[in-house]
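Look at the chain shown here.

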Amino acid sequence: MKPLVTVEFPSSRAAGNDRTPLLRVGATNGSHDGARGRSSGGSAWSAASLLGPVSLVLLCALTSVERVSFKMLVDEAEDYIFAVVLCLVLCETAFLALWLSVRDCGQPRRRSPGARFPISKLLVMAALDLAKDFAMTIPGAYVAPTLTVMLLQGQTPVSLVLRLVSSGRSGFRTSHFAGAAVIAASVLVALLPALVSGSFRTVLNTLLYLSSCVPAAASALYKEQALVAFRQPVDPYELNLQVDLCQLLLLIPATPAVFRLTNPGSSDFVHSLQAAFRCIFSASEFGASDDSLHLPDTSSCNASLYIMLVYIVAALLVNWVVDKVFSFGSSVMLYRAVTAATLTAFIVLGFFAHGHPHSVFGVSVAVLNIPSAIILVVGSEIYHRYMEPGSEALTQWSN
């Protein structure tokens with residue numbers, strides 16, 4: 001009998017990582033016990049005892065770097081935000097292609113057995129990921145730094161609702177519903193300062209950022225179902241490269257549409273896109289005196305490319321470290337490690353928020369964010385006390 005194909009999703013949502021999570025599909029022979037990722041052999045435990053603390057420190061550090069670099073990127077690219085997702089996907093595609101070339105250098109060309117992954121499903125994955133990316137990057141500059149982590153926790157309750165609606169899956173425990181409700185409460189507490197004290201623009205952008213949880217949860221759920229239905233081993237890097245290529249295809253009509261949405265008074269998309277590319281990829285400063293660039297006086301390009309590269313590398317490394325934690329420990333260890341990484345990123349962003357131009361909520365943010373973080377830890381612990389029913393896949397950690 002063909003071994004059961006399991007889909008393991010160290011989903012980036014749980015740690016605040018907003019790039020497309022690496023898809024990991026492997027075959028098991030039933031030698032794993034009830035705790036996910038725990039091998040029945042003794043060597044895995046010795047490896048876990050050594051790698052556990054190191055992986056936790058790495059995960060906390062990388063998650064903080066990834067979140068801070070994201071916030072720095074959207075702040076720096078505020079004037080040409082319409083092109084940021086396109087540039088991110090271009091860079092990530094190039095990075096994955098380079099990695100595959102280096103990995104397979106000198107080795108016989110790999111041939112994927114069986115059927116190819118359906119292009120229609122790749123396009124749906126790409127579309128959902130783009131919807132999430134745009135919902136995060138467009139309003140990102142006007143979201144308080146700490147909220148860029150806390151609001152993403154909304155993916156857990158949204159994911160629970162989508163699972164119930166899509167499949168009517170029974171078997172969820174009371175702890176799942178209670179945990180999701182507590183996590184939703186933590187998000188609401190974090191959101192209150194923006195709703196009460198923020199301007200209309202701030203409230204609108206913050207709610208748009210929060211809405212990214214819907215396509216993020218839908219994307220994770222759809223990927224899980226598509227990969228389980230495919231039931232064949234898949235190279236995670238090749239599959240993610242294929243998703244990125246589909247994203248580039250969809251970005252051809254999407255980028256002009258986003259430009260018109262974010263620049264209602266301008267119709268010169270081609271020149272603006274050229275200006276954005278020159279601003280990002282040449283890493284040099286341009287002034288408003290150069291009318292051909294169509295950039296405001298506030299445009300700053302000195303660090304955009306470097307911040308973008310740090311962000312992409314950190315996001316990919318977060319997935320890699322999470323995969324290691326998942327492989328050498330139980331699901332409980334994974335969830336707790338991700339919660340610790342989320343809290344670390346929250347603290348680092350709290351320091352980053354000091355003197356930040358869009359930190360318009362004053363002391364109320366700090367006062368309410370602290371209980372919000374505590375509530376999040378409680379909700380995550382309750383929700384992940386038991387595995388979700390009827391699924392071999394990890395589609396969220398509890399961002």
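## The whole chain

The protein chain has 399 residues, and 53% of them count as buried. Buried means under 20% relative accessible area, exposed means over 50%, and partly exposed lies in between (1.4 Å probe, protein chains only). The model is predicted: local features need pLDDT of at least 70, side-chain atom pairs count only at pLDDT 80 or more, and totals for chains, interfaces and linings use all residues. Residues are numbered from 1 along each chain as its sequence is written, and side-chain values use heavy atoms, with hydrogens and water left out.

The secondary structure of the chain comes to 13 helices and two strands. These are DSSP runs numbered from the N terminus: helices are H or I with at least four residues, strands are E with at least two. Now take contacts, meaning heavy atoms within 4.5 Å. Among those in the protein chain between residues at least 6 apart in sequence, 83% join residues at least 24 apart.

## Helices α3 and α9

Helix α3 spans residues 119-140 and helix α9 spans residues 236-262. Their axes come within 8 Å and cross at roughly 45°. Axes are lines fitted to C-alpha atoms, for helices over the stretch in contact, and angles run from 0 to 180 degrees between N-to-C directions. The two helices are therefore oblique to each other. Angles under 35 degrees count as roughly parallel, over 145 as roughly antiparallel, 65 to 115 as roughly perpendicular, and the rest as oblique.

The crossing of α3 past α9 is right-handed. A crossing is right-handed if the near helix is turned clockwise from the far one by less than a right angle, and left-handed if anticlockwise. On the α3 side, the contact includes Ile119, Leu122, Asp129 and Phe134. On the α9 side, Leu239, Gln242, Cys246 and Thr262 are among the residues involved. The contact divides into 17 nonpolar, three polar and two charged residues. Here Ala, Val, Leu, Ile, Met, Phe, Trp, Tyr, Cys and Pro count as nonpolar, Asp, Glu, Lys and Arg as charged, and the others, Gly among them, as polar.

## Helices α5 and α6

How do the axes of α5 and α6 cross? They come within 8 Å and cross at roughly 140°. That makes α5 oblique to α6. Helix α5 covers residues 155-167, and helix α6 covers residues 174-197.

Thr156, Pro157, Leu160 and Leu164 come from α5. They meet His176, Phe177, Ala180, Ile183 and Ala184 of α6. The contact holds seven nonpolar residues, two polar and no charged.

## Aromatic rings

The whole structure has seven aromatic pairs. Rings of Phe, Tyr and Trp (its six-membered ring) pair if their centres lie within 6.5 Å; planes under 30 degrees apart count as stacked, over 60 as edge-to-face and the rest as tilted. The rings of Phe172 and Phe177 have centres 6.1 Å apart and planes at 65°, so this pair is edge-to-face.

Phe172 is buried, at 11% relative accessible area. Phe177 is partly exposed, at 39%. Elsewhere, ring pairs link Phe82, Phe259 and Phe269 into a cluster.

Asp244 sits in helix α9. Is Asp244 buried or exposed? With a relative accessible area of 0%, Asp244 is buried. Leaving out residues up to four places away in sequence, Asp244 touches Val89, Glu92, Thr93 and Leu96.

Glu92 belongs to helix α2 (residues 84-103). Glu92 is also buried, at 2% relative accessibility. The C-alpha atoms of Glu92 and Met308 are 9.8 Å apart, and the two residues are 216 residues apart along the chain.

Ala314 is found in helix α11 (residues 304-328). Its relative accessible area is 3%, so Ala314 is buried. Which residues does Ala314 contact, leaving aside its neighbours within four places in sequence? They are Leu62, Val65 and Glu66. Ala314 and Glu66 are 248 residues apart in sequence and 5.2 Å apart in space, C-alpha to C-alpha.

Pro371 has its place in helix α13 (residues 363-383). Pro371 is partly exposed, with a relative accessible area of 31%. From C-alpha to C-alpha, Pro371 and Ser186 are 7.8 Å apart, with a sequence separation of 185 residues.
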